[in-house]
Amino acid sequence: MLVDKKGAASVEGVEAKLWQVPETLPGEVLGKIGAPPKSDVPIITPDELPEADGLLFGFPTRFGLMAAQFKAFMDATGGLWRTQALAGKPAGIFYSTGSQGGGQETTPLTSITQLVHHGLIFVPIGYTFGAGMFEMETVKGGSPYGAGTFAGDGSRQPTELELAQAFHQGKYFAGFAKKLKGSH
C-alpha cells in the first residue's frame, strides 16, 4: 500500500481512515491472473464518501488510466454527483503503474475529471516534496499530481523514497483539509 494513513494521521486533530472499493472481477478470474488476496481493509460504498472532510484516492493504473474497479466505483457515485454532495471537499490522487512509461502522469491527469464533475477541490502535491521530486539516481514513481510507485509485475515494493513521498502527500493533504475545514 503506497499511501497508508500514517502521513495524514501525523497531523494533529486529523483522523484518517483507509477503505477499499469493491472488486469487480470474479474470484476465478482473479486466481487465473495471479491477483494477490484481498486485504481486510473495509470496503466503502459511495454513500460513505460525504462523511469525509477530504478524500485521497489511490488506485493502480491500467493502460494509463485508473483501474476499472475504481472507475466502476466512481460510476456508482451518480447520486452524489446529482446532489453535489462532495462539492467543496479537497481530494487528491496517488497511484501505481507497471512500468516507467505506464501512466505516472496520464493516470492522475485523466482521473481529475472524476473530481471535477463532483466539484471536489483537487490538491496536488506539486513540488512540495522538495529535493525528492528531483531525484535521478533512484527509481521513483510519482509526479506533481501525487505520490506514485512502479509495481512492475506486482512483486516490486515501493522504495524508501516513494514511501517518503507518500507520507509527505498524506501529511500535506491532511494539513490542507484541516485548514479548509477550519475556515468554514
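1. β3 and strand β4 (residues 121–122) run parallel and are joined by 2 bridges; strands here are DSSP E runs of at least two residues, helices are H or I runs of at least four, both numbered from the N terminus, and two strands pair if DSSP finds at least two bridges between them. In this pairing, Pro90 sits opposite Ile121 of β4. To get from β3 to β4 the chain goes through α5, and this β-α-β crossover is right-handed (with the strands pointing away from the viewer, the path from the first strand over the helix to the second runs clockwise).

2. Before you go further: this is a predicted model, in which local features need pLDDT of at least 70 and side-chain atom pairs count only at pLDDT 80 or more, while totals for chains, interfaces and linings use all residues. Residues are numbered from 1 along each chain as its sequence is written, and side-chain values use heavy atoms, with hydrogens and water left out. The protein averages a pLDDT of 92, and 97% of the residues score at least 70 (pLDDT is the predictor's confidence in each residue, from 0 to 100).

3. β1 runs parallel to β3, with 6 bridges between them, and Pro60 faces Ser96 of β3. Strand β5 (residues 148–150) also pairs with β3 in the parallel sense, over 3 bridges, with Thr97 opposite Phe150.

4. How enclosed is β3? 8 of the 8 residues of β3 are buried, so the strand is largely enclosed by the rest of the structure (buried is under 20% relative accessible area, exposed over 50%, partly exposed in between, with a 1.4 Å probe and protein chains only). In a regular strand the side chains alternate between the two faces of the sheet. Here both faces are covered: Pro90, Gly92, Phe94 and Ser96 on one side, Ala91, Ile93, Tyr95 and Thr97 on the other.

5. Leaving out residues up to four places away in sequence, Leu49 touches Ile44, Leu55, Phe57, Phe73, Thr77, Leu80 and Leu86; contact is heavy atoms within 4.5 Å.

6. Two backbone spots to check. Phe63, in the loop between β1 and β2 (65–66), has a positive phi near 55 degrees and is exposed at 86% relative accessibility. Gln84, in the loop between α4 and β3, also has a positive phi near 55 degrees and is partly exposed at 33%.

7. The whole structure has 5 salt bridges (a side-chain nitrogen of Lys or Arg within 4 Å of a carboxyl oxygen of Asp or Glu). One of them joins Asp53 to Lys181 at 3.1 Å, N to O, linking the loop between α2 and β1 to helix α6 (residues 160–182) across 128 residues. In helix α3, Asp75 and Lys71 are 4 residues apart, about one turn, and their closest N and O atoms are 2.6 Å apart. Lys32 and Glu28 pair at 3.4 Å, and both are exposed.
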